[in-house]
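Trainee: Can we go through this one together? I'd like to start with charged pairs.
Mentor: Fine. Have a look at it first.

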Amino acid sequence: MNAALRRMGGLLSVYYAYMTAYRAELILWALANSLPFILMGAWYQAAAGGDFGFTPVDVARYFLAVFVIRQLTVVWVIWEFDQDVQRGRLSQYLLQPVDPAWRYLAAHLSERVARLPFSGVIIALFFLVFPPARFVPHASDVLLAITFASLAFALRFVMQYTLALFALWTERASSLESLMFILYLVLSGAIAPLEVFPPELRELVMWTPFPYFIWVPAHLLIGGTDVDLVRATLVCLGWIAALVVVNRVVWRRGLKRHSSMGA
Amino acid sequence: MKHLAGILWRYWSTSLQAELEYRSNFLVQAFGSSLALAGSIFALSLFYRGAGFPGWTFEEGLVVQGLYSAFAGAISCVLSPNLSRIVQLVEAGTLDFVLLKPVDAQLTVSLRVISPWGVPDLVFGAGVIAWGAAHAPQREGSVSLALVAVLFGALIIYGLWFVVATTSVWFTKIYNATEVLRGLLDAGRFPMAAYPAAYRFVFTFVMPVAFMTTVPAELLLGRGQANMLLGGALAALVLLVGSRAFWRLALRSYTGASG
């Protein structure tokens, strides 16, 4: 156990150093996440009409929360894995006594820390430009939101890493992720808060992993109370457990199938 | 000119051949495009559960969505693959070889490869534009003016994109720079009427997204006047000249692989 922790610590510091070496890239990634701010504008305007049961300021806070949650839960392992398979780096990783999954996880976690300052600057700028949206969330809401954001990250990482493993067969698994990403955008609450979905659809969607990626943690962060926390936790954990099992099965089969490029 | 066309033809046919190595990818892409379009239409319909965008019917909004999809397709066909190539050239120092060739370097780096993966987006986008325009309230629209507006829109995107791509000479690893641009272009999903005044100002004068989708849609639907084209023409001109100048500036500080 101690050895495993030490290894993970080592990986974390290596990947943190690697991430900070490309700071310009990190700034660009933080900026690339402009979608919440664009939709904020559109929904701000729509809410001003008064048809949706929330005020424009609610909208601004919700989409700011969406931005924060997305910063905390970004996952890109599938592109990394594709490249590692295509360029044969995976073979080198396989020779080392650490499952590559930990390597990718360490890269993701350390990137979060490296990215944090940039996200902070963007939030501060936003509050400066648009004072009415300023708010300080309750400590309990922050705690809840962080808990569910962690679950969201775990779920999304396992889901994407499982899809990534199909690169062992096709070498381009990232096209699968682009399909998944569309569902993610539409159903997670990234393009519209789930309150505006037709009620039956919303009920159905709550059984899928998608709303737990963004809507649940974002909604909790701005003080939303109409989330069934027990059910949310169980659905999240259920999906994570199921996907971990699938992941391990696919990984074993894929490794048997895998031969390095050129072999 | 004929010489250039010949070179482009060679560039494109070789890059297409390379991409077609992944043929099964095409089905995935086509499925993805239809899914993305369904998602966009769903998003649009959510706004119309309320009053919708002031002054725009749902069908008119669809025309804007269609234009957005078509532009997204064009970007994945031409702009995205070339950007990753520019970054590789700078990272590996092989930009030297491009600069040494007796062909305009800007042309070579920005049009070296094309990829077929945006075609489904282009086709579906065109379909949605046609359907939306046919079902929108009938006014005197002009297809030819709309096409001119689309051309200006395309030049604007190219200019913006090339400025971003050029920054790789200083920053090297900017694979995600197109993501920034793509993120901002997302604003083109909805007509400008969907946004508050401050946003409209930014999308007209800072990131001229308005000229890409809203203006062509208005001309097609007979909602706007031809003088809206002037703004697009001006923005396109400024960006083309500006991006060219920026590229030259960047090359002056490019020192090659050893520098």
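Mentor: This is a predicted model. In it, the side chains of Glu177(A) and Arg156(A) form a salt bridge, 3.7 Å from N to O.

Trainee: Where in the chain do Glu177(A) and Arg156(A) sit?
Mentor: Glu177(A) is in helix H10 of chain A and Arg156(A) in helix H8, so the pair, 21 residues apart, links distant parts of the chain.

Trainee: Are Glu177(A) and Arg156(A) buried or exposed?
Mentor: Both are buried.

Trainee: Why does Glu111(A) count as buried?
Mentor: Because its relative accessibility is 3%, and buried means under 20%.

Trainee: How many salt bridges cross the interface of chain B and chain A?
Mentor: Zero, by the rule used. Over all chains the structure holds 11.

Trainee: What does the interface have, then?
Mentor: 37 residues of chain B contact 35 residues of chain A. About 3100 Å² is buried between the chains, and carbon and sulfur atoms give 69% of that.

Trainee: New topic. Which residues make the nonpolar surface patch?
Mentor: Phe26(B), Val119(B), Leu122(B), Val123(B) and Phe124(B), covering about 370 Å². Helix H6 of chain B supplies the largest share, four residues.

Trainee: And how confident is the prediction?
Mentor: The model scores ipTM 0.84 and pTM 0.86. Chain B averages a pLDDT of 86.

Notes:
Residues are numbered from 1 along each chain as its sequence is written. Chains are lettered from A and ligands numbered from 1 in the order in which they are written. This is a predicted model: local features need pLDDT of at least 70, side-chain atom pairs count only at pLDDT 80 or more; totals for chains, interfaces and linings use all residues. Side-chain values use heavy atoms; hydrogens and water are left out. Patches are made of residues with over 30% relative accessible area and no salt bridge: like charges are joined within 9 Å, nonpolar side chains (Val, Leu, Ile, Met, Phe, Trp, Tyr) within 5 Å. Accessible areas come from the Shrake-Rupley method with a 1.4 Å probe; for residues, only the protein chains shown count as cover. A salt bridge is a side-chain nitrogen of Lys or Arg within 4 Å of a carboxyl oxygen of Asp or Glu. Helices (H or I, at least four residues) and strands (E, at least two) are DSSP runs, numbered from the N terminus. pLDDT is the predictor's confidence in each residue, from 0 to 100. Contact means heavy atoms within 4.5 Å. Buried area is the accessible area (1.4 Å probe) that two parts lose on being put together, summed over both. Buried means under 20% relative accessible area, exposed over 50%, partly exposed in between (1.4 Å probe, protein chains only).
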